[in-house]
Amino acid sequence: MSLTSAITGVIPISPTPFHQDGRVDMESMARLTDYFLSCGVDGITILGQLGEAPKLEFSEARAIVELVAKRFDKPIVVGVSAPGFAAMRSLAREAMELGASGVMIGPPNTLRTDDQIVGYYRQAAEAIGPDVPFVLQDYPLTFSVVMTPNVIKRIVTENASCVVLKHEDWPGLDKITALRGFEADGSMRHIAILTGNGGLFLDFEMERGADGANTGYAFPEMLVDVVKLSAAGQRDAAHDLFDAHLPYLRYEQQQGPLGLAVRKYVYMRRGLIACDAQRKPGATLNAAAKGEVEFLLSRIARSDKRAVLKAA
Ligand SMILES: N[C@@H](CC=O)C(=O)O
């Protein structure tokens, strides 16, 4: 199934589980994949930044795509960002061959001007081939590349294979409004806008016209419910549920390896992955941080029983 601009809902960004010694834990990857499906998500993104993709060998990345493609019957997006187009093309073509629906491309942090950004995506789209739909990853906090709404419009207009914007700008609500404005005035075709940033602004992003979430928050079922409630116009119910998760969600949003360490710890505590290790270089939580996470989860659990954990 091909990724199209009609996609809506929740597409979680999956972490890559590792054993303590750094090997990829394929058993946990399978369990996590099945869990995402059971939550009612609408697709999955694997091998993104959060999936520690730059630390993987090609054969490991390939094996993960193969495993997920065998058990996940909804759109699969594979992160293929790479310093060079040869590696990007190889993984993109291989992933599509294995059953992926599209790929995600983040910009290299060397891009400075609008023309450089637009030119990069023209070349990247050409490198992977016009038959491979791609997600444009707009994540200035990590990539240090700032894309204005006009730059996104130029990329979308030039590349028919650009079908989704993974929106992670911050502040970014007005960017969603501007892009939907382009669609309304006919100056840009429709693309799906799925939002990241750990879900931190999901409640209002939905109200500004986002189609859903594309983030790795450790409770994808909450994202699914908030997106559904918001789409159904149940504003208060959407915000009530979101607000119950917000203190922990904020804690998880700490940038870099620490935020990922929080998520992996919670996925482990939820019994979804066997070990919270990151492949090196990585981070782990100290006892104080673990205590804070447990405290925050116990507070969510007062209103959302899905956050009830077995005793550590
Ligand atoms: N920041 C992202 C991960 C990177 O793509 C998230 O929202 O989880």
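A: Let us start with Gly 99, which sits in the loop between helix H3 (85-98) and strand S4 (102-105); helices (H or I, at least four residues) and strands (E, at least two) are DSSP runs, numbered from the N terminus. The model is a predicted one, in which local features need pLDDT of at least 70 and side-chain atom pairs count only at pLDDT 80 or more, while totals for chains, interfaces and linings use all residues. Residues are numbered from 1 along each chain as its sequence is written, and side-chain values use heavy atoms, with hydrogens and water left out.

Gly 99 has a relative accessibility of 37% and therefore counts as partly exposed, a class that lies between buried (under 20% relative accessible area) and exposed (over 50%), with a 1.4 Å probe and protein chains only. From C-alpha to C-alpha, Gly 99 is 31 Å away from Leu 141, and 42 residues of sequence separate the two. Ala 92, in helix H3, has a relative accessibility of 0% and so counts as buried. The C-alpha atoms of Ala 92 and Val 164 are 16 Å apart in space, although these residues are 72 apart in sequence. Tyr 121, which belongs to helix H4 (residues 114-128), is also at 0% relative accessibility and is therefore buried; its C-alpha atom is separated by 9.3 Å from that of Gly 106, 15 residues away along the chain.

We can now turn to the ligand. Its surroundings are formed by Leu 50, Gln 137, Tyr 139, Lys 166, Glu 168, Gly 196, Asn 197, Gly 198, Thr 215, Gly 216 and Arg 263, where a residue is taken as near if one of its heavy atoms lies within 4 Å. This shell divides into two nonpolar, six polar and three charged residues; in that scheme Asp, Glu, Lys and Arg are charged, Ala, Val, Leu, Ile, Met, Phe, Trp, Tyr, Cys and Pro are nonpolar, and the others, Gly among them, are polar.

Arg 263 has a polar side-chain atom 2.8 Å from a ligand oxygen, Gln 137 has a polar side-chain atom 3.2 Å from a ligand oxygen, and for Asn 197 a polar backbone atom is 3.2 Å from a ligand oxygen. On its own the ligand has 260 Å² of accessible area, and the protein covers 95% of that, areas being computed by the Shrake-Rupley method with a 1.4 Å probe.

Arg 263 is part of helix H11 (residues 257-269), and its relative accessible area of 10% makes this residue buried. A polar atom of the Arg 263 side chain also lies 3.3 Å from the backbone oxygen of Gly 216. Asn 197 is in the loop between strand S7 (192-195) and helix H8 (202-208), and with a relative accessible area of 0% it is buried too. Although Asn 197 is not a glycine, its phi is positive, at about 55°. Leu 47 likewise has a positive phi, near 65°, in a residue other than glycine; Leu 47 lies in the loop between strand S2 (44-46) and H2. Most residues other than glycine have a negative phi, and most peptide bonds are trans. With that in mind, the peptide bond from Trp 170 to Pro 171 is cis, with omega near 5°, and Pro 171 is in the loop between strand S6 (162-167) and helix H7 (173-184). Lys 280 and Pro 281 are joined by a cis peptide bond as well, with omega about 0°.

Finally, consider helix H12, whose 14 residues should span 20 Å at 1.5 Å a residue, in agreement with the 20 Å between its end C-alpha atoms; the expected span is 1.5 Å times one less than the number of residues. The buried residues of H12 are Ala 289, Val 293, Leu 296, Leu 297 and Ile 300. Seen down the axis, these buried residues fall within an arc of 100°, so they line one face of H12, the arc being that of the directions from the helix axis to the C-beta atoms. An α-helix has 3.6 residues a turn, so residues three or four places apart point the same way.

Definitions and conventions: A polar contact is a pair of N or O atoms within 3.5 Å; within protein, one must be able to donate a hydrogen and the other to accept it, and residues adjacent in sequence count only if both atoms are side-chain atoms.
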